[in-house]
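Please look over the sequence and the model below before reading on. The paragraphs that follow lead from a sheet to the helices around it.

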Amino acid sequence: MRTRDPLDVLNRVFGYDEFRPGQQKIVDHVTSGGDALVLMPTGGGKSLCYQIPALAREGTGVVISPLIALMQDQVDALRALGVRAGFLNSTQDPGERRLTESQLLAGELDLLYLAPERLNVDATRRLLDRAPLALFAIDEAHCVSQWGHDFRPDYLALSGLHEQWPDVPRIALTATATKATHAEISNRLGLDDALHHVASFDRPNIQYRIAPKNEPRKQLLDLLRTEHDGDAGIVYCLSRKSVEETAEFLVRGGIDAVPYHAGLDAATREHHQARFLREDGLIVVATIAFGMGIDKPDVRFVAHLDLPKSVEGYYQETGRAGRDGLPSTAWLAYGLQDVMQQRKLIESSEGDQAHRRKLASHLDAMLALCETIECRRVQLLAYFGQDGQPCGNCDTCLTPPESWDGTVAAQKLLSTVVRLKRERNQKFGAGQIIDILRGKSTTKITQHRHDELSVFGVGSDLGDNEWRGVIRQLLATGLLAVEGEYGTLVTTPASDEVLYQGRQVHLRREPKRAATREKTKRAAQTTDLPDEAKPAFDRLRDWRGATAKEQGVPAYIIFHDATLRQIAVDHPSTLDELGSVSGVGENKLNKYGEQILAALAD
Ligand code: ADP
Ligand code: ZN
């Protein structure tokens, strides 16, 4: 089979000088017909790992992706580079579909995007059988894993690709995978003998912060006003209702925000997503239904108002910030209610015991991340089986939290729960337990004669907030549990170790509110542009905005910010000079070169 030189494709089509670490090896391997499994963080440069081999090899590269709503943009971005790309999915009318199919059969497509459910249709398989294929790329490959957080049944059928097309190389890619998920992907897709590339999962430009939750919407608004004024970002909430309310709250606060969740009709969802991709500085408040595959490069923050269900999910969602490598914030508000709510959700979830255990172990890891007093990044990387050094760019590094010996406090709390059960046969939620410990004379205390308990008032040395912190952390570490609809507290077998066997309990001190502001301001600044380059950059941006609007595509499809910056700094005066700027390939040079030089000369 004849192939083109991958480096030449990188230079000419994409306008980049060199491969990033890891890319070259993968590209060469797949170009010469080998299979690969690639784990690389968001923004790491996965797309080129299959796009370049698809261009270098004869035939069409088939990209399997669950992201139907984004296929049009992905194809537009490739066409802007002069790549012959198309897609087949359920959003097309029959005419468009037939056109794409005939292009495929005529060998006129370099890349074809396909939804996995399409591939499971016999007619599609027969169609592919008649076309020359360069490779199969399986994007978002973690969707094949039942252990992971994003399982899609349609992905399971992808295990059959190899039998039907033994000579077509396959490359599976994902931005998230623990060792368990990695093994499952490899196993299910039959990639055990493939080249496995596991990049560092670190995203050094993202600042990770987990804040105590007080008034989450106000805290969010504060974050936006002080650090992310005018920035694009995503806010995740657990429920549709809270998505709606939060979006309204932000709009009332003068912030440009739209909701996105599965309960909105398809047209509204599409409209909001398109606005997010095309406009500057829009905020989408969403459930986790939003965001997979969104490759908007300048998302400056991802905020979670509710606790994600797993570290994998959290990492995937926060990873949508800062694809362009510029400083970005991942901010999560976390409190006692989150732990109670999530534990209850698991308890009442459908599925067998094993399923619940899986959910619980995902949650435990997420809680451990929230409660750690060590570097968040080190803990995140460790979750993915990678080493790291304290990073200096997360909240625990910037303002190291203190820990304290909470053994006695834990004993007081647990024995209150035990006594209520043993002496009164009662169970209560966190509020009443804290009132008992603090010796408060509320109506509910008097009514239940809880002031007669021997533990009444033994915890007056700590405040409400601190006790909530104790309960939260005991719940997080399984030394306490919640039960039933009302979230009553009950002990666990591990509680006995604290009560009777001298097990020590180390707790994180509850931070005073938002003390990290000054130090974390750094995340807000985008990289500095020299003063003399600013007018040129502004003119280029205006030009890009107008051009994108004319074509109805997101601005970054024309050029990324990073490329525009470089052009503004270099200030090229000839097409040759312009062509040497990273990110300016042949097609864009031909198409826009003169316009850019004109904009610069203005
Ligand atoms: P991923 O799919 O892993 O999230 P992308 O493929 O979208 O990442 O790449 C992230 C960004 O890095 C894109 O803007 C892409 O054009 C850019 N990029 C990828 N490889 C290179 C390279 N070798 N040189 C310069 N930029 C690159
Ligand atoms: Zn750190």
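In what order do the 6 strands of the open sheet lie? This is a predicted model, in which local features need pLDDT of at least 70 and side-chain atom pairs count only at pLDDT 80 or more, while totals for chains, interfaces and linings use all residues. Residues are numbered from 1 along each chain as its sequence is written, chains are lettered from A and ligands numbered from 1 in the order in which they are written, and side-chain values use heavy atoms, without hydrogens and water.

The order is β8-β13-β12-β9-β11-β10, with parallel pairing; strands are DSSP runs of E of at least two residues, helices runs of H or I of at least four, both numbered from the N terminus, and two strands pair if DSSP finds at least two bridges between them. Because β8 (206-212) and β10 (257-260) stand at the edges with a single partner strand each, one side of each has no neighbour in the sheet. Within the sheet, β9 (residues 233-236) and β12 (residues 301-304) pair in the parallel sense over 4 bridges, and Y236 has H304 of β12 as its bridge partner.

Helix α10 (residues 216-227) packs on this sheet, touching β8, β9, β11 (283-286), β12 and β13 (328-334), where contact means heavy atoms within 4.5 Å. Helix α11 (residues 240-252) also packs on the sheet, and touches β9, β10 and β11.

Turning to another helix, the buried residues of α4 (under 20% relative accessible area, with exposed over 50% and partly exposed in between, for a 1.4 Å probe and protein chains only) include L70, M71 and D73. Their cover includes α3 (46-56), β3 (85-88) and α28 (586-601), and α4 is followed by G82, whose phi is positive, near 85 degrees.

Note on methods. Axes fitted to C-alpha atoms, helices over the stretch in contact; angles between N-to-C directions.
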